[in-house]
Structure formats: C-alpha cells, structure tokens
Amino acid sequence: IVSESDFIRLARSAIIQSQADETARVSVRVISRKRTGVAVTSSLAGEALERALEEALSIASVVPPRDEAGLPEEPHHRTHYAEDLDIPSSRDKFKQVATWFAIAAGAGCRLSGSYETSIQALIVANSRGTLCVQVAPRVSIQLIAERGEATGYGSYLAARYASDLVAAQLERAIGKASWEEKALRIEPGEYAVILEPEAVAEFLDVMSLFSFGGRHVLEGRSF
C-alpha cells in the first residue's frame, strides 16, 4: 500500500494543524509446508524488503501448521484506476475551510474537526501469478459544530469532493448544535438509544477488522 495524503485539523474555527505525508506499507506473507509467517515493513528499499522476507520465513519455520494455509490455484488479474484522480489542492482546501468557518460563525457556532484528502495505491501479488492493482482517491471530512454546551456532528467520505453534499453535512452539524435550548438533562441510568449512522459504521468497521475475518471463523472465534 502506497499513499499520499494531505491533512488539516480544525479546532474552534481555527486551523491548528496542516501536514502532508507519503507512506508505504508492505506485508510479506510466506507459506511453507502449511506454516504461515507474516512480516511488515514501512520501507520500499530493497534491504528492508529482504529483511521482511527473512523475518516471514523465520516465523513460518516455528509456527504450527494449519490445514487451511495456502494460495488460490488460479491466478487473478485485476487493475482499477479511478477515472479522475483530481482532489482539492491545499490552497483550495484552505479556501473551503474559511467558507465553513464563516457559515458557522453566521449561525453562532464554532467549528472543529478534520479534512483529509489522499490517493492510495493498493497492490496484491503472489508467486502463482496473481497481480491486482487499485489506485483511487479519498476525501474524508469530520465536522463538529459547537454552540454553548451543545454540539452537532457531520461527516463526509467519498472518492470526490462534492460541495453540495459537504454543505449539507455542515448544515446538519450546525443544526444539531442549535438544539441547545431543546436539550434535556436526564438522570444517570439505562436508556434505549438510537445510534447515528457514523457510530454504526465505526462499530461495524472495527468488527470487520477484528471479528469477521476467515481466520476467526476457522478458529471458532466468530461466525
């Protein structure tokens, strides 16, 4: 995985962090006599890749064998490049954030959150000829509007920046923060709640990473 990202952090209608990163992550999986070893490196240098391979081989030599270990018999080939890799530049993003601040201020709110754009290349290959490549952009925006003691939340996640959809999420965050006078204080206790879509998505995301994998099923730790 190779990724280029540009990140802005917002706090109370001010930009407090702006950074650009280029990252790489290579996962080497070795299967030898039904034994699997995995090593990870964040460097694309030849020496680092060789070291990761040696570590994976070393791990595979000591772990117990697993009947399900192996590779697909038939090779797979798939390449997908997004039609348009154009994402907002840093200058464009600063202008967009300034507009959000002005809209929030007009509603008596302060705005916090984050704004990240990235282009990621994902490559999967194996020794049986499989080679799959995907290159795609990503725009992620988190908005928290604050008014008095009340806050409102909005989020946007897509491959493209759509100004109308982002504006709708900003309006959503500001609208919820404006409900301060309707808020009720309740006593501690057990209550039935309705989770926001973002909360459900995060819950399912964590479950998919740590509970819904094939290995967990084979080990009897999931279903």
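1. Leaving aside neighbours within four places in sequence, which residues is Ile 141 in contact with? In this predicted model, the partners of Ile 141 are Trp 100, Ser 114, Tyr 115, Gly 154, Ser 155, Tyr 156, Tyr 161 and Val 166.

2. Ile 141 belongs to the largest nonpolar core, which has 20 residues. Together with Trp 100, Leu 111, Tyr 115 and Ala 145, Ile 141 touches the most other members of that core. Two or more residues of this core come from each of β1 (2-10), α2 (90-106), β6, β7 (131-147) and α3 (163-177). The most, five residues, is given by α3.

3. As general background, nonpolar side chains in soluble globular proteins tend to be buried together.

4. The largest pocket holds about 730 Å³ of space. Its lining consists of 21 residues. Those that lie nearest the pocket centre are Ser 27, Val 28, Ile 123, Val 124 and Ala 125. Two or more lining residues are supplied by each of β3 (26-32) and β6 (110-125). The largest share of the lining, six residues, is that of β3.

5. On the composition of that lining: 15 residues of the largest pocket's lining are nonpolar, four are polar and two are charged.

Terms used. Residues are numbered from 1 along each chain as its sequence is written. This is a predicted model: local features need pLDDT of at least 70, side-chain atom pairs count only at pLDDT 80 or more; totals for chains, interfaces and linings use all residues. Side-chain values use heavy atoms; hydrogens and water are left out. On a 1 Å grid over the protein atoms alone, a cavity is a set of points where a 1.4 Å probe fits but cannot get out, and a pocket is an open set with protein on both sides within 12 Å along at least five of seven lines; lining residues have an atom within 4 Å of a point. Grid points are joined across faces, edges and corners, and a volume is the space filled by probe spheres set on the points. Helices (H or I, at least four residues) and strands (E, at least two) are DSSP runs, numbered from the N terminus. Ala, Val, Leu, Ile, Met, Phe, Trp, Tyr, Cys and Pro count as nonpolar, Asp, Glu, Lys and Arg as charged, and the others, Gly among them, as polar. A nonpolar core is a set of buried Ala, Val, Leu, Ile, Met, Phe, Trp, Tyr and Cys residues joined through side-chain atoms within 4.5 Å. Buried means under 20% relative accessible area, exposed over 50%, partly exposed in between (1.4 Å probe, protein chains only). Contact means heavy atoms within 4.5 Å.
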